Amino acid sequence: MIKKLNRRQFLKSTGLASGTLVLGVQFSPLMAKHHGEIQFSPDVFVSMDGTGQVTIISHRSEMGQGIRSTLPLLVADELEADWNRVTVKQALGDAKYGSQNTDGSRSVRKNFQKLKEAGAIMRTMLQQAAAQVWSVPVDQVRIEHHQAHHKDEALDFKELVKIASKLKVPERDTLKLKTAAEQKYVGKPDMALLDGADIVTGKAVFGYDVQLDDMKTAVIARPPVVFGTVKSVDDSETLKVPGVVKVVQLPALTPPALFKMLGGVAVIAENTWAAIEGRKKLNIEWNHGSNSSYSTNDHEAVFIKALENPKEVVRSRGDVEQAKANATKTIEADYHVAGLAHATMEPPAATARITGDRVEVWACTQTPQASQRNVMGTLEIPQENAANVEINVTLLGGGFGRKSKPDFVAEAAYLAHQTKMPIKVLWTREDEIKHGYYHSPSYQQLKGTLDENNRVTSWYHAMVNHPISSTFDPTAKLAGSTDLGQGDMMFDVPNIKIALGETDTFMRIGWVRSVTNINNVFAASSFVDEMAHAAGKDSKDFLLELIGDDRIEDFSKDGFEYSNYGEPAEQYPAETSRLKNVIQLAAKEANWGEKLPEGTGMGIAAWRSFLSYIAVVIKVSTNGNQVKIEDVHMAVDAGQLLNPDRVKSQMEGSLIFGASLAFYGEITAKDGIIEQGNFDDYQMTRINQIPDVHVHLVNSTAIPTGVGEPGLPPVAPALCNAIFAANGQRHRRLPLKDLRLV
Amino acid sequence: MTELKINGQLTQLEVSEDMPLLWALRDVAKLTGSKYGCGKGICGACTVHIDGQPMRSCITPMSYAKGKSVTTIEGLSEQGDHPVQQAWQNLNVAQCGYCQSGQIMSAVALLENNPNPSDEDINGAMAGNICRCGTYPRIRAAIKQAAKLKQADEGAQS
Ligand code: FES
Ligand code: FES
């Protein structure tokens, strides 16, 4: 039985102060206290001091996915550390840790091996040290719970540190790693959150909370239209606001947008309120620039035309035209998903202080290394001086991809440089909604055919959106990304055509949790349900039949260059058996097929994304235009689960994120200006609209994969399929503006 | 100079009276546990208690808070062991944690008025607090657990 870590007691017992308001100890490596002289650090991820206290580095950003509560377990477990004698320290941005880019649901799969090895290296060296002390062969020393044992003798790690630190670091291929059954922390269902106590006492430090001596706060009036510029600015009324210190104009943004600053006018003040009030009083005339020609509504016609004339076929099998000519039934449907903003609960925030050549930054960033590069680019700091730019990562009040785009970090660095003062840049909610890197609106066309036995003979899926690549290359026009939820479909159909259309882009486009899986899987999984209905078959049975036999999907046979989330197909194959298994599990747990009252229905959807397999079954009841989510079952196969409680919480979160986007998610522009601005016109679901979410975990021995994103794609289609089952109404446009979630 | 009680301590803050309490707490009193989410009273991240009542500090001017008693998440309990704080930790409610100060302050106020809330009571009292990460099911469960912990505490004291 693993005792839950009570961080408060643990900090007390180790004599470390609990998180403080001013840059809590857990975030500032410089302030980390070492007990005893010795520092034993055979690997960048783990060190031990003379008291046997272990420090494990968390090099990925914590944004609610639980990574700080998960990755350190791997090290501690291999080390056989007493979890109560472990401190987790957040890493600075530093290439020595490998990539720290916390997105793409890849922190677990990219790191689990090297973190296990880090723990095993230290454990092996302590074991060798004990063997020396006792003059016995190494294999007679057993390491357990912060101690070495031989017969009935025992030595605490603290008594071995000094000797161990002088030994040669073992080669990685000589290490003996634990099996899953031998693990004590990894995979246990009741591990407490590392930052749980700090969060419930208000001590946790987010980007918004950073406080430095003599720091000023900045809010920025950014050009309402991307690539717009300041024509003129009158700041006389602003400077009269008590507390306003200064007004600074930022350089105009030129294409490509990248992660550069948007430009505009910054108001620097003694406190946030003065900065906000000062900004209201700025009198700015803007040059809106060419993107002001764009309005979301008007662009619909362009999208639809582009959808009818796709420019590129990315996956092709057989002949869909021929299949249509031979078909008994043809089904066609167009789908639309609106643009989306991240709406992280904490808007972007960054603090910068410049002393001589040294730039220190504290930010809620998903990517300290890209933040570092961005600061260097902004301040024209040459590569050889990278070490002068120190990026401290705070906790993130949500990320969802927004905080992997460090434009806000560049703003803080620029303003600190211009004003020679420590500056905290805060984005208000309006700033966050109006100046995002949006999930693009998209239009999709699905066509399918059935033969006389109601078997699917062809599948056509065309999609058009503003591609993310346009943020980096303004000439990019081809829709993206087909790898996420479109080209990667795992249906056993003899004739397949997957195509992409082209269009121009007029705003910054970025990745939002699960990226184009959101729209692609909505369209594809809704369409499967439409075909099931046309075939007169049960939706779940039809889906299983469409996936077909157990096999490993080889996309290259259809000429499709599938990226497989950057991983080799041999290691992470697309296995239909795993997809079918989660479908069956979710369906069984949801009691699929039970007789439901009038107006009530169940819907199902499933997809493999980010190398994980997720199925969702949702039960809704409807009454006129009112929809109530009655019950939710989600089944997850994400390989070996390192922290099952955090896997569950990610599924719960995905359901709620999905319900928000299905009912409310819509970002629109008029004359290039985003029309939404806060939670009143960009709404979120509330507690009263969300039932309990039942999550069913597959006990898998496959390589662990991520869970931050893959829960989301099947949610909206499962919901719309449920609504169809309940009242026969098919919804092909998100958000569901004519429905009301109650 | 505006005088008010913050977490039991008489405090004088040098702020203009139209400054919302949230910014006075965060920027002047340096209590950053109360969070900014919307600035418009629609997300609940900034919830504090004023004379025992849950209020949105982002739309409460200092002129109103003046002379009153304000409790923030930092002052909810001395040891961080209020039953609501305990239940929140027992059930690992938080994801990113950013909304949770506000959630907890709303939950505490609910239990003050209703020691044994039903799901519906909880939904009604907590609907003003957005959690973008989606911790709603655990919030419901934690409030029910906190209700039990609280009753056990009170039973033990009487
Ligand atoms: S910040 Fe006060 S209610 Fe949102
Ligand atoms: S826990 Fe992240 S917003 Fe609620």
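Contact here means that heavy atoms lie within 4.5 Å of each other. The structure is a predicted model, and every value below was computed from it.

The boundary between domain 1 and domain 2 of chain A may be taken next. Across the boundary, 23 residues of domain 1 of chain A are in contact with 23 residues of domain 2 of chain A. The size of an interface is often given as the accessible area lost when the parts come together. For domain 1 and domain 2 of chain A, the buried area is about 1,600 Å², and carbon and sulfur atoms give 55% of it. On the side of domain 1 of chain A that touches domain 2 of chain A, there are 10 nonpolar, 9 polar and 4 charged residues. What is the count of salt bridges between domain 1 and domain 2 of chain A? The count is 0, while 8 residue pairs are in polar contact between these domains, counting pairs with both residues at pLDDT 80 or more.

The discussion now turns to the interface between the chains. Here 60 residues of chain A are in contact with 53 residues of chain B. Chain A and chain B bury about 4,700 Å² between them, with 56% of that area on carbon and sulfur atoms. Of the area that chain A buries against chain B, 18% is supplied by Val200(A), Met345(A) and Ile687(A), more than by any other three residues.

Charged and polar pairs also occur between the chains. The count between chain A and chain B is 6 salt bridges. In one salt bridge, Arg26(B) pairs with Asp209(A), and the closest N and O atoms are 2.9 Å apart. Between chain A and chain B, 29 residue pairs are in polar contact, again with both residues at pLDDT 80 or more.

Several helices of chain A supply at least two residues each to the side that touches chain B: H1 (7–14), H5 (196–200), H6 (272–280), H11 (429–434) and H15 (644–663). H15(A) gives the most to this side, with 10 residues. By class, the side of chain A that touches chain B has 28 nonpolar, 18 polar and 14 charged residues.

Terms used
Residues numbered from 1 in each chain as written. Chains lettered and ligands numbered in written order. Predicted model: local features only at pLDDT ≥ 70, side-chain atom pairs only at ≥ 80, totals over all residues. Heavy atoms only, no water. Buried area = accessible area lost by both parts, 1.4 Å probe. Salt bridge = Lys/Arg side-chain N within 4 Å of Asp/Glu carboxyl O. Polar contact = N/O pair within 3.5 Å; in protein donor to acceptor, adjacent residues only side chain to side chain. Nonpolar A, V, L, I, M, F, W, Y, C, P; charged D, E, K, R; others polar. Helix = DSSP H or I, 4+ residues; strand = E, 2+ residues; numbered from the N terminus.
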